[in-house]
Amino acid sequence: MTTPRPVLHRNAARRSYRPRITLALAGGGPLGAIYEIGALCALDDGLEGLDFNACDHYLGVSAGGFIAAGLANGMRPRQLCEAFIEDRTGEDNFDPAWLLKPAWSEFGTRLRRLPGLVGSALWAWGAQGKSLTSAFERVGAALPTGVFDNEDIHLQIQRLFSQPGRSNDFRELRARLTLVATQLDTGEAAPFGRPGWDHVPISRAIQASAALPGLFPPVEIGGQHYVDGALKKTVHATVALNEGTDLLLCLNPLVPFHTNPSLHDGRRIPSLVEGGLPAVMSQTFRSMIHSRLELGLKHYERAYPGTDIVLIEPDQRDATLFFANTFSYRQRREIAEHAYQQTRRLLLDRAARLTPQLARHGISLDLRALRDPALRLLAPQPRSRSAVGARLHATLDELQRHLEHGRAMPAPATR
């Protein structure tokens, strides 16, 4: 009589080798980066058996590319917090205020083209008989392709990754790192870091992946122009799934906002229309991005049944994140702490589902840490901050409030 061979579940075979883990970070501007850092720190504190510097593949889109590249370079989540959120001077400091530098070079280039474009439009109208509207459409080429200069993104990250123990070269990293941009003239994804794309400096790839049209000019690399990677897909997870991965951990910072009388922070917002065009545009963009992500994840679950997929994202009722001002230092700290605490709550709320899912890959929830009410991301700010620093941050916050309400700034008091 033949002894029947035991039937092994597909996940049982995985225990004989180290699971392949991919960390995918979506974009979302400075707000997205702050949320992802806070969430990553919560995951780092609340998960046992997962080393965020030992993943097999790091996948970043737009602002998520900066976080992914930092982790691939050996920076711990709390080191990223110090570099991007804490108000400290030093080699690792990355101030989001650098992103607000006007694109003077782009303005100048477009302005120099204006006389020729106007002359061409007048000729088409007067000599060729084209309608005035049709003739002057070509003057639109004089408009700048971006408002803010993004060259500092490349320069500052190049400095950050040129320090000992780090690298600005994809080919020198221990793990795979893929940073996705969109090729402007074809609309196709550009997977920087993959073979054939890995000669581009990491800092330049991050600049390209985060070049949101209208906000930043396209980035020229090798004679081609690249813009934000989120134009094509939200996370581009197929880059990693096609190569094989056992656990795909996705962080997505942008979700559509659900107005609700009982919001987490106590605010009551009857309708986003009260917030005017900025609120409406933000909701529109978030809804488009999130709907694509939902469709993509459903496809991944069907097409890659051997991969467990875990998505971490904010609660859609969270008004704190939706209305945040990411260029305020004070609010950067508040948002990061908020994301940290919210992610800890999310892990607890989803513990019943996550526990068996993560256990297949040798990861467990640290329930003691997750339930610790004293655990924080950031220490309270010291009261000993210099008077000059205190006045500076107070002035920046006051400026933001006046810009939001369309008021003129009062004249500063003299002493």
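Contact here means heavy atoms within 4.5 Å.

1. **What you are looking at.** This is a predicted model, in which local features need pLDDT of at least 70 and side-chain atom pairs count only at pLDDT 80 or more, while totals for chains, interfaces and linings use all residues. Residues are numbered from 1 along each chain as its sequence is written, and side-chain values use heavy atoms, with hydrogens and water left out.

2. **The chain as a whole.** Among contacts in the chain with a separation of 6 or more, 76% are between residues 24 or more positions apart. The chain has 14 helices and 10 strands; these are DSSP runs numbered from the N terminus, with helices being H or I of at least four residues and strands E of at least two. Of the 415 residues in the chain, 49% are buried. Buried means under 20% relative accessible area, exposed means over 50%, and partly exposed is in between, using a 1.4 Å probe and protein chains only.

3. Five of its five residues are buried, so strand 8 is largely enclosed by the rest of the structure. In a regular strand the side chains alternate between the two faces of the sheet. Here Leu247, Leu249 and Leu251 point one way, Leu248 and Cys250 point the other way, and all are buried. Two strands pair if DSSP finds at least two bridges between them. Strand 1 (residues 21-25) runs parallel to strand 8 and is joined to it by five bridges, with Leu25 opposite Leu251. Strand 9 (residues 308-312) is also parallel to strand 8, again with five bridges, and there Cys250 stands opposite Leu311.

4. **Aromatic pairs.** How many aromatic pairs does a search of the whole structure find? The search finds eight. Rings of Phe, Tyr and Trp (its six-membered ring) pair if their centres lie within 6.5 Å; planes under 30 degrees apart count as stacked, over 60 as edge-to-face and the rest as tilted. One of the pairs is Trp104 with Phe107, which is edge-to-face at 5.7 Å centre to centre and 85° between the planes. Both residues lie in helix 4 (residues 104-126), three residues apart, about one turn of the helix. Trp104 counts as exposed because its relative accessibility is 59%, whereas Phe107, at 27%, counts as partly exposed.

5. **A stacked pair.** Phe257 and Phe322 are stacked, with 5.0 Å centre to centre and 20° between the planes. Elsewhere, Phe192, Trp197 and Tyr226 form one aromatic cluster.

6. Helix 7 (residues 202-209) is mostly covered, with eight of its eight residues buried. Among them are Arg204 and Gln207. Helix 6 (residues 151-160) holds Gln156, which is buried with a relative accessible area of 16%. Leaving aside neighbours within four places in sequence, Gln156 is in contact with Phe94 and Trp98.

7. **Asp45.** Asp45 lies in helix 1 (residues 29-46) and is partly exposed, with a relative accessible area of 23%. Not counting residues up to four places away in sequence, Asp45 touches Arg78, Tyr340, Asp366, Ala369 and Leu375. Asp45 and Tyr340 are 295 residues apart along the chain, yet their C-alpha atoms are separated by 9.8 Å.

8. **The second largest pocket.** This pocket has a volume of about 210 Å³. On a 1 Å grid over the protein atoms alone, a pocket is an open set of points where a 1.4 Å probe fits, with protein on both sides within 12 Å along at least five of seven lines; lining residues have an atom within 4 Å of a point. Grid points are joined across faces, edges and corners, and the volume is the space filled by probe spheres set on the points. Which elements give two or more residues to the lining? They are helix 9, strand 9 and helix 12 (351-359). Strand 9 provides the largest share, four residues. The lining includes Tyr304, Leu311 and Arg353.

9. The lining residues of the second largest pocket divide into six nonpolar, two polar and four charged. Ala, Val, Leu, Ile, Met, Phe, Trp, Tyr, Cys and Pro count as nonpolar, Asp, Glu, Lys and Arg as charged, and the others, Gly among them, as polar.
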